[in-house]
Amino acid sequence: MSQLPFDPIEEAQRQWVAHGWDDAAPGMAAVTSIVRAHQILMARVEETLRPHDLTFARYELLQLLAFTKTGSLPLSRIGARLQVHPASVTNAVDRCEQRGLVRRMPHATDRRTTLAEITDPGRELVSKATDSLNREVFTSLGLDEAAMGELTGVLKHFRQAHGDFS
């Protein structure tokens, strides 16, 4: 994709105002900016994870499991923690299980509950993928630490206001 010589979101905001939608113009610019930033970030993340043969969803699953004390969680808790639909959890676990990165285990005390448990190869892969993401994405956003803190704070306030967490 070629770089434009102007900011198309700024131009869209100008057009919104020109068409009499002054009160909606800042919100349209904010939403469009967030959507575009998401596209840019996800492209960088996916490009970084591609050599590890991981999608972001599978990476998040592996990292979540790696962060737990036992290396395992019930599938329902994975969905809640990652804020994704149960079908997405099932898909990610299926794909990781096929590659030997996780295994399904019965819960020790609740026969209705299935756990996903990270394997040693899963731990190794998520560690390598995290090193890549830290190096190629998370430490090179083009924002200084203060700006990243401010952005994170603004988005946290937005997420909380829309019921993402209490």
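Figure 1. T113 belongs to the loop between β2 and β3. Leaving aside residues up to four places away in sequence, T113 touches P74, M105, P106 and H107. The side chains of T113 and D110 make a polar contact of 2.9 Å. D110 is also found in the loop between β2 and β3. At a relative accessible area of 22%, D110 is partly exposed. The side chain of D110 has a polar atom 3.0 Å from the backbone nitrogen of R112. The side chain of D110 is therefore shown with two partners: the backbone nitrogen of R112 and, through a polar contact, the side chain of T113, while D110 itself counts as partly exposed because its 22% lies between the limits of 20% and 50%.

Figure 2. E117 lies in strand β3, which covers residues 114-118. E117 has a relative accessible area of 18% and is buried, because buried means under 20%. The side chain of E117 is joined to the side chain of R103 by a polar contact of 2.8 Å. Not counting residues up to four places away in sequence, the residues that E117 touches are L65, T70, G71, S72, L101, V102, R103 and M105.

Figure 3. Side chains of opposite charge can pair when their charged atoms come close. D94 forms a salt bridge with R104, and the closest N and O atoms are 2.7 Å apart. This pair links distant parts of the chain, with D94 in helix α5 (residues 86-98) and R104 in strand β2 (residues 102-106), 10 residues apart. A salt bridge also brings together the side chains of E97 and R104, at 2.5 Å from N to O. D94, E97 and R104 are in this way linked in a network of salt bridges. D94 is partly exposed, with a relative accessible area of 29%. R104 is partly exposed at 27% relative accessibility, and E97 is partly exposed with a relative accessible area of 31%. The count of salt bridges comes to 8.

Figure 4. The side chains of R14 and E11 meet in a salt bridge of 2.7 Å, N to O. Both residues lie in helix α1 (residues 8-18), where they are 3 residues apart, about one turn of the helix. R14 has a relative accessible area of 47% and is partly exposed, because the limit for exposed is over 50%. E11 is partly exposed as well, at 29% relative accessibility.

**Figure 5. Nonpolar surface patch with residues from α2 and α7.** I34, L41, L141, L143, L151 and L155 make a nonpolar surface patch of about 460 Å². Helices α2 (25-49) and α7 (145-161) each supply at least two residues of this patch. One of the patch residues, L151, has its place in helix α7. L151 is partly exposed, with a relative accessible area of 42%. This value meets the patch rule, because patches are made of residues with over 30% relative accessible area.

**Figure 6. Prediction confidence in helices α4 and α6.** The mean pLDDT of the protein is 96, and 99% of its residues reach 70 or more. Confidence is lowest in helix α4 (residues 75-82), at a mean of 94, and highest in helix α6 (residues 120-138), at 98.

Technical notes:
Residues numbered from 1 in each chain as written. Predicted model: local features only at pLDDT ≥ 70, side-chain atom pairs only at ≥ 80, totals over all residues. Heavy atoms only, no water. Patch = residues over 30% accessible without salt bridge, like charges linked within 9 Å, V, L, I, M, F, W, Y side chains within 5 Å. Areas by Shrake-Rupley, 256 points an atom, 1.4 Å probe, with all protein chains shown as cover. Salt bridge = Lys/Arg side-chain N within 4 Å of Asp/Glu carboxyl O. Helix = DSSP H or I, 4+ residues; strand = E, 2+ residues; numbered from the N terminus. Buried < 20%, exposed > 50% of the residue type's maximum accessible area, 1.4 Å probe, protein only. pLDDT = per-residue confidence, 0-100. Polar contact = N/O pair within 3.5 Å; in protein donor to acceptor, adjacent residues only side chain to side chain. Contact = heavy atoms within 4.5 Å.
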